[in-house]
Amino acid sequence: MTTNDHSVLGRAADRLMDLDSPVYGDERERALVMEAYTFGATATVYVCIGGAVVSAVLGSLGLPVVLLVAATLPSFASIWYARRRGVDLLAMSERATPRERRTAVLTLVGGMLVVLGAMLFTVRAGHGLVPLPEPSGTVSEVLDDALVGAILGGMGGGLVGLVMQLVRRRTRPAAGGTRDDDVDDLDD
């Protein structure tokens with residue numbers, strides 16, 4: 001499924017989505033996959049805004065900005081992608097009920113205002129709304145320990161994910177009804 005958009009970005013989007021891939025399944029599965037992607041993007045927006053609020057209240061200035069920008073990316077990407085396929089998501093959003101609009105505005109705009117207000121307080125007062133206790137070690141030691149923990153946690157999580165994928169691949173029947181290890185037996 002492609003469009004007439006032959007720009008580099010348009011071709012990259014088509015390649016990234018690869019909507020003709022069998023991984024999307026039949027029509028029902030495809031609809032569910034798209035719902036799941038929408039849920040994931042929506043959850044990302046809310047988590048980013050929540051993280052921006054918390055980090056701003058604690059006195060951070062850079063992280064809230066990064067999180068607010070990250071929160072906007074799914075929306076802007078969706079609007080651009082739909083527009084190149086002839087669908088105006090902004091016009092469709094006008095179909096929302098007053099309650100849905102109110103919830104979105106309170107969450108998104110309200111969250112952004114809280115973030116900006118907390119950042120303004122931090123700039124003026126020199127500390128966050130909720131001052132953090134000073135760590136017992138030097139900041140460098142604490143950051144080094146946190147970084148080592150994050151790296152080790154990421155490596156551990158990656159290894160667990162890899163092992164789970166390998167085990168799942170060996171035990172799950174393939175599309176043709178055979179497991180990967182049964183294929184070798186068929187060649188004999």
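In the unreviewed UniProt entry, the annotation "transmembrane region" is assigned to residues 36-57, 63-82, 103-126 and 146-167. The structure examined here is a predicted model, and two of these annotated spans were considered in terms of their secondary structure and extent. Residues 63-82 are 100% helix and 0% strand, with 30 Å between the C-alpha atoms at the two ends of the span. For residues 103-126, the corresponding values are 96% helix and 0% strand, and the end C-alpha atoms are separated by 33 Å.

The packing of helix α1 (residues 8-17) against helix α3 (residues 62-84) was then examined. The axes of these two helices come within 12 Å and cross at roughly 100 degrees; an angle of 65 to 115 degrees counts as roughly perpendicular, and α1 and α3 are therefore roughly perpendicular to each other. On the α1 side the contact is formed by L9, G10, A13, D14 and M17, and on the α3 side by W80, Y81 and R84. Sorted by class, the residues in this contact comprise five nonpolar, one polar and two charged.

Helix α3 also takes part in the largest pocket of the model, to whose lining α3 contributes twelve residues, the most of any element. The space within this pocket amounts to about 1900 Å³. The pocket is lined by 41 residues, of which P74, S75, S78, I79 and L89 are the closest to its centre. Two or more lining residues come from each of α1, α2 (27-57), α3, α4 (89-93) and α5 (98-125). In terms of residue class, 30 of the lining residues are nonpolar, six are polar and five are charged.

Among the residues closest to the centre of the largest pocket is P74, which is located in helix α3. When residues up to four places away in sequence are left out of account, P74 is in contact with A41 and V45. The C-alpha atom of P74 also lies 9.6 Å from that of G40, although 34 residues separate P74 and G40 along the chain.

How values were computed:
Residues numbered from 1 in each chain as written. Predicted model: local features only at pLDDT ≥ 70, side-chain atom pairs only at ≥ 80, totals over all residues. Heavy atoms only, no water. UniProt positions renumbered as here; feature names shortened; annotations may be inferred. Helix = DSSP H or I, 4+ residues; strand = E, 2+ residues; numbered from the N terminus. Axes fitted to C-alpha atoms, helices over the stretch in contact; angles between N-to-C directions. Parallel < 35°, antiparallel > 145°, perpendicular 65-115°, else oblique. Contact = heavy atoms within 4.5 Å. Nonpolar A, V, L, I, M, F, W, Y, C, P; charged D, E, K, R; others polar. 1 Å grid on protein atoms, 1.4 Å probe; cavity = no way out; pocket = protein on both sides within 12 Å on 5 of 7 lines; lining within 4 Å. Points joined across faces, edges and corners; volume = space filled by probe spheres on them.
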